[in-house]
Amino acid sequence: MILSEKLFSCFKDKVSFTLNEAYREHIDKPHETVRARIYDNLNVKFERIAKGVYKTIDADEACVIIEGDGRDLSMIRDESIDCILTDHPWLDLKSNRGGTRKFAQYDCFKYTQKRF
């Protein structure tokens, strides 16, 4: 189980918890690592309610936004995705213009049926 999930499990039944309580629950981890896992999951698993005070968010759903190459999803655990919603630039010159701007043209976005 990853650290953010361990933190969530420790505090899911409490009204709130402090950073110091989180540090005490995971004395084998540096304070910076514990704090970073909470910050990385703000509004996903945890909500900040005051300085140094947090609560868990009771939700069965989470949304993660990753900007990058959609052909490389190696940072995501196998069988952990229910849905992927994507919108990439299409090779359509008319739709790639708006007002006084022109979007860049990238060869890497010329997807074929084979790549899907």
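## Cover over helix α1

The buried residues of α1 are covered by elements that include β1 (17–18), α2, α3, β2 (46–50) and β3 (53–56); contact here means heavy atoms within 4.5 Å. The model is predicted: local features need pLDDT of at least 70, side-chain atom pairs count only at pLDDT 80 or more, and totals for chains, interfaces and linings use all residues. Residues are numbered from 1 along each chain as its sequence is written, and side-chain values use heavy atoms, with hydrogens and water left out.

In α1, the buried residues are L3, S4, L7, F8 and F11. Seen down the axis of α1, these buried residues fall within an arc of 140°, so they line one face of the helix. The arc is taken from the directions from the helix axis to the C-beta atoms. An α-helix has 3.6 residues a turn, so residues three or four places apart point the same way. Buried means under 20% relative accessible area, exposed means over 50%, and partly exposed lies in between (1.4 Å probe, protein chains only).

S4 lies in helix α1 (residues 3–11). S4 counts as buried because its relative accessible area is 5%. Leaving out residues up to four places away in sequence, S4 touches R37, N41, K45 and F46.

With the exclusion of residues up to four places away in sequence, F11 is in contact with F17, E21, A22, E25 and T56.

## Nonpolar core

The largest nonpolar core consists of twelve residues: L3, L7, F8, F11, F17, L19, A22, Y23, V34, I38, F46 and Y54. At least two residues of this core come from each of α1, α2 (19–25) and α3 (31–40). The largest share, four residues, is supplied by α1. Such a core is a set of buried Ala, Val, Leu, Ile, Met, Phe, Trp, Tyr and Cys residues joined through side-chain atoms within 4.5 Å.

## Packing of α1 and α3

The axes of α1 and α3 are 9 Å apart, and the two helices pack at an angle of about 80°. α1 and α3 are therefore roughly perpendicular to each other. The contact is formed by L3, S4 and L7 of α1 with T33, V34, R37 and I38 of α3.

Axes are lines fitted to C-alpha atoms, for helices over the stretch in contact, and angles run from 0 to 180 degrees between N-to-C directions. Angles under 35 degrees count as roughly parallel, over 145 as roughly antiparallel, 65 to 115 as roughly perpendicular and the rest as oblique.

I2 is in the segment before α1 and counts as partly exposed because its relative accessibility is 44%. I2 and R37 are 35 residues apart in sequence, with a C-alpha to C-alpha distance of 9.5 Å.

N43 is in the loop between α3 and β2. Its relative accessibility is 66%, so N43 counts as exposed. Phi of N43 is near 65°, a positive value in a residue other than glycine. Most residues other than glycine have a negative phi.

## The protein as a whole

The protein has three helices and five strands, in the order α-β-α-α-β-β-β-β from the N terminus. Helices (H or I, at least four residues) and strands (E, at least two) are DSSP runs, numbered from the N terminus.

Of the 116 residues in the protein, 16% are buried. Among contacts between residues at least 6 apart in sequence, 40% join residues at least 24 apart. The protein exposes about 9900 Å², of which carbon and sulfur atoms supply 50%; accessible areas come from the Shrake-Rupley method with a 1.4 Å probe, and for residues only the protein chains shown count as cover.
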